[in-house]
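Have a look at the sequence and the fold first, and then we can walk through some details.

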Amino acid sequence: MALAYFPTNAALAALLTTICISSVYATSAPIQCPPRLPVSQTVDRPAPDGWRPYDSQKAHPLIGVSFWSGPPDQLAMLAPSSGVKRRDTLVNTWPLAAAETDYWVSCEYFDTAAIVARPLGTAARTCTVRYDAKRTPPKMIDWECKPPAR
């Protein structure tokens with residue numbers, strides 16, 4: 001039985017091609033914000049006379065998201081184009097135009113200015129956020145972007 005000659009470079013090329021093609025069709029879990037964000041806060045000036053400062057460390061619950069044209073430090077926050085109330089749910093929608101730079105999502109937490117953010121990529125064309133409108137202020141239920149970010 002003769003062994004077929006298959007050059008090492010050709011085998012490597014075939015393997016890489018298979019991996020690349022399969023990753024295009026693979027489904028990944030949608031991006032989700034961490035449900036809580038641990039934050040340390042420190043008093044940055046002397047306390048007024050008679051008061052003692054105490055630092056705090058708390059885990060703050062997720063309350064919302066914002067969408068950005070680029071990283072949040074570029075200060076290009078996007079506004080929703082529409083807000084529709086359906087029964088007890090408020091739905092905000094952000095249409096996203098084709099872009100050369102990544103859109104970003106930031107996760108916002110109750111009672112702190114600290115956020116976490118990550119790029120969504122350039123493929124998303126619409127992002128929606130659903131809120132429970134029975135609560136004041138409305139509480140975020142969930143969010144998604146279509147097509148999903150990878």
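## Around Trp143

Which residues does Trp143 touch, not counting residues up to four places away in sequence? In this predicted model, Trp143 touches Ile31, Gln32, Cys33, Val65, Phe67, Val105, Leu120, Thr128 and Val129. One of these, Val129, stands opposite Trp143 in E8.

## The sheet

Strands E3, E4, E7 and E8 form an open sheet in the order E3-E4-E7-E8, with antiparallel pairing. Strand E3 (82-86) and strand E8 (139-146) each have a single partner strand and stand at the edges, so one side of each is left without a neighbour in the sheet. On average, neighbouring strands here are turned by 20° against each other, direction ignored. Between E7 (residues 126-132) and E8, which run antiparallel, there are seven bridges.

## The nonpolar core

The largest nonpolar core has 20 residues, and Val65, Phe67, Leu120, Cys127, Val129, Trp143 and Cys145 have the most contacts inside it. At least two residues each come from E1 (36-41), E2 (56-69), E5 (103-109), E7 and E8. E5 gives the most, with four residues.

## Aromatic pairs

How many aromatic pairs does a search of the whole structure find? There are two. Phe67 and Trp94 are edge-to-face, 4.8 Å centre to centre with 65° between the planes. They sit in strands E2 and E4 (residues 89-95), 27 residues apart, and both Phe67 and Trp94 are buried.

Phe67 also pairs edge-to-face with Trp143, at 5.9 Å centre to centre and 65° between the planes. This pair links E2 to E8 across 76 residues, and Trp143 is buried too.

Methods. Residues are numbered from 1 along each chain as its sequence is written. This is a predicted model: local features need pLDDT of at least 70, side-chain atom pairs count only at pLDDT 80 or more; totals for chains, interfaces and linings use all residues. Side-chain values use heavy atoms; hydrogens and water are left out. Two strands pair if DSSP finds at least two bridges between them. Axes are lines fitted to C-alpha atoms, for helices over the stretch in contact, and angles run from 0 to 180 degrees between N-to-C directions. A nonpolar core is a set of buried Ala, Val, Leu, Ile, Met, Phe, Trp, Tyr and Cys residues joined through side-chain atoms within 4.5 Å. Buried means under 20% relative accessible area, exposed over 50%, partly exposed in between (1.4 Å probe, protein chains only). Contact means heavy atoms within 4.5 Å. Rings of Phe, Tyr and Trp (its six-membered ring) pair if their centres lie within 6.5 Å; planes under 30 degrees apart count as stacked, over 60 as edge-to-face and the rest as tilted.
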